[in-house]
Amino acid sequence: MQEFVTPRFMDSSISQDDVAAHLRVYGSIHSHLFNLAKRHVYYDDQDILWPTPEGKLYLRRSVYRFRAWISKVLRPKFEKFGDTRIGLEDHEIPPYDVMLVLHAFMLHPRAFYSDTIRLFPELSILNGFPLAQFASLIDDTTTYVPKEEQVVFWETTTEESFAVPLFTSPSDTFRLSCPNCNSSFTGLWLEDSDDKLGSNLVAPCKECNLIITELAYGAAIFTEDVRRAKSGKGVALQGPY
């Protein structure tokens with residue numbers, strides 16, 4: 001009987017370790033979604049999944065923390081090494097919710113590639129999703145167990161708690177820069193929102209009293225992107241900037 005030889009183009013570049021790491025990560029995500037289903041999401045009469053107010057705030061805070069990771073951790077590294085795809089050191093792996101935002105972001109490769117070029121060139125230092133490092137921190141009970149140096153580095157660098165903000169207390173705060181007077185101040189996630197539940201940003205500036213909304217905050221981010229583009233920091237924007 002003639003022996004069947006697998007053509008080279010059919011050889012898999014995915015190792016057993018990669019498969020095992022993926023399974024461990026997805027098992028952890030499944031458990032996390034199960035926990036979220038208790039308070040953060042619900043199904044309507046047509047079985048469509050919707051976030052609760054707690055779920056919306058959890059997402060807002062996670063995206064905020066993701067941006068903090070980019071600006072406080074990745075940006076200094078990018079400015080030092082450039083577009084080298086050197087990857088992350090173990091202590092630079094962020095909290096679980098930030099990793100989930102990154103994972104969801106990278107599941108949309110076209111948007112991720114576009115934003116890496118235009119808005120977040122710092123992400124280009126990632127040598128792909130840090131799958132092996134992430135999976136190594138998930139134990140057999142699907143619990144994310146960070147190393148002490150991770151926690152210390154994150155909290156020192158970002159001034160954010162490493163703990164995942166599943167629930168928000170009235171005293172939980174965030175840092176915000178006023179797009180009018182450039183002053184930086186601390187806001188309250190629950191209080192500085194239009195419904196006092198953290199759904200949408202409505203925070204008065206402590207210096208000029210401007211009411212900062214989501215639109216004003218987005219304009220401030222765009223202005224900062226333009227400034228960085230003009231300074232040659234790697235951000236590329238369309239138009240004569």
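Which backbone nitrogen lies 2.8 Å from a polar atom of the side chain of Asp 192? In this predicted model, it is the backbone nitrogen of Leu 188.

The protein contains seven helices and six strands, arranged along the sequence in the pattern α-β-β-α-α-α-α-α-β-β-β-β-α. The C-alpha trace spans about 85 × 50 × 40 Å along its principal axes. Of the 241 residues in the protein, 36% are buried. Among contacts with a separation of 6 or more, 58% are between residues 24 or more positions apart.

Asp 192 is located in the loop that runs between strand 4 (184–188) and strand 5 (202–204). With a relative accessibility of 10%, Asp 192 counts as buried, because the cut-off for burial is under 20%. Beyond the residues up to four places away in sequence, Asp 192 touches Phe 174, Gly 187, Asn 200, Leu 201, Val 202, Ala 203 and Pro 204. Of these contacts, Val 202 is ten residues from Asp 192 in sequence, and the C-alpha atoms of the two are 5.1 Å apart in space.

Helix 3 (residues 96–106) is mostly covered, with nine of its eleven residues buried. The buried positions are Tyr 96, Asp 97, Val 98, Met 99, Leu 100, Val 101, Leu 102, His 103 and Phe 105. The elements covering them include helix 1, helix 2, helix 4 (109–118), helix 5 and helix 6 (148–158). His 103 has a relative accessible area of 13% and is therefore buried, as this value falls under 20%. Apart from residues up to four places away in sequence, His 103 touches Tyr 26, Ile 29 and Phe 129.

Helix 2 (residues 53–81) packs against helix 3 at an angle of about 85°, and the two axes are 9 Å apart. The two helices are therefore roughly perpendicular, a term that applies to angles of 65 to 115 degrees. At this contact, Tyr 58, Ser 62, Val 63, Arg 65, Phe 66 and Trp 69 of helix 2 meet Asp 97, Val 98, Val 101, Leu 102 and Phe 105 of helix 3. By type, the residues of this contact comprise eight nonpolar, one polar and two charged.

The largest nonpolar core consists of 33 residues, and the most contacts inside this core are made by Phe 66, Trp 69, Leu 74, Leu 102, Leu 123, Phe 134 and Tyr 144. Helix 1 (16–36), helix 2, helix 3 and helix 5 (131–136) are the elements that each give two or more residues to this core. The most come from helix 3, which supplies seven residues. Another core, of 13 residues, lies apart from the largest one; among its members are Phe 185, Trp 189, Cys 205 and Ala 216. Within the largest core, Phe 134 is one of the residues with the most contacts. When neighbours within four places in sequence are left aside, Phe 134 is in contact with Val 25, Tyr 96, Met 99, Phe 129 and Tyr 144.

Terms used. Residues are numbered from 1 along each chain as its sequence is written. This is a predicted model: local features need pLDDT of at least 70, side-chain atom pairs count only at pLDDT 80 or more; totals for chains, interfaces and linings use all residues. Side-chain values use heavy atoms; hydrogens and water are left out. Helices (H or I, at least four residues) and strands (E, at least two) are DSSP runs, numbered from the N terminus. Buried means under 20% relative accessible area, exposed over 50%, partly exposed in between (1.4 Å probe, protein chains only). Contact means heavy atoms within 4.5 Å. A polar contact is a pair of N or O atoms within 3.5 Å; within protein, one must be able to donate a hydrogen and the other to accept it, and residues adjacent in sequence count only if both atoms are side-chain atoms. Axes are lines fitted to C-alpha atoms, for helices over the stretch in contact, and angles run from 0 to 180 degrees between N-to-C directions. Angles under 35 degrees count as roughly parallel, over 145 as roughly antiparallel, 65 to 115 as roughly perpendicular and the rest as oblique. Ala, Val, Leu, Ile, Met, Phe, Trp, Tyr, Cys and Pro count as nonpolar, Asp, Glu, Lys and Arg as charged, and the others, Gly among them, as polar. A nonpolar core is a set of buried Ala, Val, Leu, Ile, Met, Phe, Trp, Tyr and Cys residues joined through side-chain atoms within 4.5 Å.
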